[in-house]
Structures are given as C-alpha cells and as structure tokens.
Amino acid sequence: MSQYFNEAGSVEAVNSRMGPDVTPRLKEVMTSLVAHLHAFVKDVRLTQQEWEFAIDFLTRTGQICSEERQEFILLSDTLGVSMLVDAINNRRPPAATENTVMGPFHVAGAPAREMGARISFDGKGESCLFEGRVVDLRGNPVTGACIDVWSDNADGFYDVQQPGIQPEWNNRGVFTTGEDGRYSFVGIKPVSYPIPHDGPVGMMLDALGRGPYRPAHMHFMVMAEGFQKVVTHTFVGDDTYIARDAVFGVKQTLVAPFERVDGGETIWRSRFDFVLTPV
Ligand code: BEZ
Ligand code: FE
C-alpha cells in the first residue's frame, strides 16, 4: 500500500491517519462513515460538477439555518434518516405505542391545562375532542403521565411560524393524567401542510418529483416516571398525503379514528390510547 493517496486505497489512506487516542466509538463511526462515503463516490463516479453542486447545496443548507429554521434536520427527515435513527433506538414490544418524528415545531414550556381544556384559540378549523388513556403494557392506567400536545392551525401553520398572527401557544398544551390514566382536550381536526420548502430541501424534493406535504396529524409527547418517552403523532387515515408523507412519519398503528359527532360539543372526536414501555 502506497503511503500516498490513491483511488484504490482511498479508505485506508484516510482511516489510517486517526490518532491513537480516538475513542472506540468515534473510531467505529468515522471508519464506517469514510468507507461508505468513498464507496458511494466510487459507485456513482461522482463528477467534479456534481461535487461542486453538493458542496453548494450543503453550504446553502447551513446558511438558511437559524433559531427558527433547522434545514439539516429537514434534510435528515426527508431522506428518511430521522425515522431510521428513531426506529433503531426505540424498538418496542408490538403492543407499545410507536414513535415517529419529533419535527421542528415543538416548543418546551407550553401551558399546563386542565383535563378537557381547549387548546385552539384562533377560531379556525373544525373542533375535535381528543381523548383516551395512557396505560402500561398490561393495560393498567398510568397516573401522572405528562402529555404535551401541539398541532398546526386550520391554515396549516404552527403558532411559531406566525408570531403576531396566531395567539401565543395556539394549539398547544400540557396535560397530566390522574389515577384513571385518562386524558382529553379540545383542539381542531388536524389538516395537512407542507414542511418548509423554500430552501435547498424543497429544491431537492422538487427535483426528485416528491412533494413537501405531511398528512394531517396531532403531535403527542408522553412522559411518565419509569417509562420510555413516547414522541409520536396520531394521523387522519383518509388524508390525501397519508401514503406520501414528505418525512416518512406515518405508521399503521398511529392512524387514529376521527369520527363525526352528532349533536356533541365538538364536530369531531378522536380516541387513542398510549401504551407505554417500561425503561
Ligand atoms: C412536523 O410534523 O411538525 C414536521 C416534521 C418533520 C419536518 C417538518 C415538520
Ligand atoms: Fe407537524
């Protein structure tokens, strides 16, 4: 093997430079990353022009990032990497509620609300009662579970995307279960919306003949002492985009019933139980 770089020995040339004090995990991850990256470049015989395009794409991805916009996470989401990392790290028993992508629109510190309270304050959309139970794998109620919920409004925007237009904390709230493990709140029937697509990720989706839309969903984060945190959504099953979510977040088990209620206080009702896995 030559001591200098050449095509055939490219992986070895880079990986053999690692110093003696590199941690075993960093060594494992970087050795594999370099091997796969070089294999990819060789596989597609990346041209100089394509390399320049890729550098420019990544530069623009970084430049559009801000406190409110995380384009690299969008890139990970739209390439299916976020869902893959989650799947590998959250393998659960079949009966347990599955995770899906967190997305960029969760805001910590949403107001704690009384069970049954309203979370939607802009007067838009069709009201929907969300209710169900938080239980363990045996079906026993989980007391003191914290349920943090958030959704877009009927125009397809989260409050943080429209500061000064939507009321603060619109379509957000935190609920704590009592001894029966039950939760309920009144929001709106979710609507589908596009992920931010005015940047490099939107350009990539366009070039690939893919759309930016996510099927209608309600976000839930469920946390309870002694149980794994569940970061998930419930989905509206008959949504146009259910089978082509831009970020691959849909799982069959997360499709929830949304039923019209005749003569009720809300137009819709959606029942869903969260089944927690012990840590
Ligand atoms: C969301 O559902 O809020 C979301 C998830 C991934 C990317 C963009 C938005
Ligand atoms: Fe969302």
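Donors are N, O and S atoms within 2.8 Å of the metal. The figures below show a predicted model, and the legends move from the whole protein to selected close-up views.

**Figure 1. Overview of the predicted protein model.** The protein contains six helices and 12 strands. Along the principal axes, its C-alpha atoms fill a box of roughly 80 × 40 × 30 Å. Of the 279 residues, 40% count as buried. Among contacts between residues at least 6 apart in sequence, 71% join residues at least 24 apart.

**Figure 2. The site of the iron ion (ligand 2).** Four residues coordinate the iron ion (ligand 2): Y158 and Y193, each through OH, and H217 and H219, each through NE2. Along the chain, the donors of the iron ion (ligand 2) follow the spacing Y-x34-Y-x23-H-x1-H. Y193 belongs to strand 5 (residues 193–194) and H219 to strand 7 (residues 217–223), so this pair ties together parts that are 26 residues apart in sequence. Y193 is buried, with a relative accessibility of 3%, and H219 is likewise buried, at 3%.

**Figure 3. Geometry around the iron ion (ligand 2).** The iron ion (ligand 2) has six donor atoms, and the angles among them span 53 to 165°. For comparison, ideal angles at a metal are 90 or 180 degrees for six octahedral donors. Six donors count as octahedral if opposite donors are over 155 degrees apart and all others between 65 and 115. The site of the iron ion (ligand 2) is classed as irregular, because its angles reach down to 53°.

**Figure 4. The salt bridge between D56 and R60 in helix 3.** Side chains of opposite charge can pair when their charged atoms come close. The structure holds 11 salt bridges, one of which joins D56 to R60, with the closest N and O atoms 3.0 Å apart. Both residues lie in helix 3 (residues 48–63), four residues apart, so about one helical turn separates D56 from R60. D56 counts as partly exposed, at 37% relative accessibility, and R60 also counts as partly exposed, at 25%.

**Figure 5. The salt bridge between D198 and R69.** The N to O distance between the side chains of D198 and R69 is 2.8 Å. This pair links distant parts of the chain, 129 residues apart. D198 sits in the loop between strand 5 and helix 6 (200–207), whereas R69 sits in the loop between helix 3 and helix 4 (71–78). D198 is exposed, with a relative accessible area of 63%, while R69 is buried, with a relative accessible area of 14%.

Figure 6. E126 is located in the loop between helix 5 (81–89) and strand 1 (127–135), and R260 in strand 10 (residues 259–260), so the pair ties together parts that are 134 residues apart in sequence. E126 counts as partly exposed, at 34% relative accessibility, whereas R260 is exposed, with a relative accessible area of 54%.

**Figure 7. Packing of helix 3 against helix 4.** The axes of helix 3 and helix 4 come within 7 Å and cross at roughly 125°. Helix 3 is therefore oblique to helix 4. Helix 3 makes the contact through F57, L58, T61 and G62, and helix 4 through E71, F72 and L75.

**Figure 8. Packing of helix 4 against helix 6.** The axes of helix 4 and helix 6 lie 9 Å apart, and the two helices pack at an angle of about 25°. Helix 4 is therefore roughly parallel to helix 6. The contact involves E71, L74, L75 and T78 of helix 4, together with P200, V201, M204 and L205 of helix 6.

**Figure 9. The surroundings of G211.** G211 is found in the loop between helix 6 and strand 6 (213–214). At 37% relative accessibility, this glycine, G211, counts as partly exposed. Apart from its neighbours within four places in sequence, G211 is in contact with L205 and A246. G211 and V101 are 110 residues apart along the chain, and their C-alpha atoms are separated by 18 Å.

Conventions:
Residues are numbered from 1 along each chain as its sequence is written. Chains are lettered from A and ligands numbered from 1 in the order in which they are written. This is a predicted model: local features need pLDDT of at least 70, side-chain atom pairs count only at pLDDT 80 or more; totals for chains, interfaces and linings use all residues. Side-chain values use heavy atoms; hydrogens and water are left out. Donors are N, O and S atoms within 2.8 Å of the metal (3.2 Å for Na, K and Ca); water is not among the atoms, so sites may look incomplete. Four donors count as tetrahedral if all angles lie between 85 and 135 degrees; four count as square planar and six as octahedral if opposite donors are over 155 degrees apart and all others between 65 and 115; anything else is irregular. Buried means under 20% relative accessible area, exposed over 50%, partly exposed in between (1.4 Å probe, protein chains only). A salt bridge is a side-chain nitrogen of Lys or Arg within 4 Å of a carboxyl oxygen of Asp or Glu. Axes are lines fitted to C-alpha atoms, for helices over the stretch in contact, and angles run from 0 to 180 degrees between N-to-C directions. Angles under 35 degrees count as roughly parallel, over 145 as roughly antiparallel, 65 to 115 as roughly perpendicular and the rest as oblique. Contact means heavy atoms within 4.5 Å.
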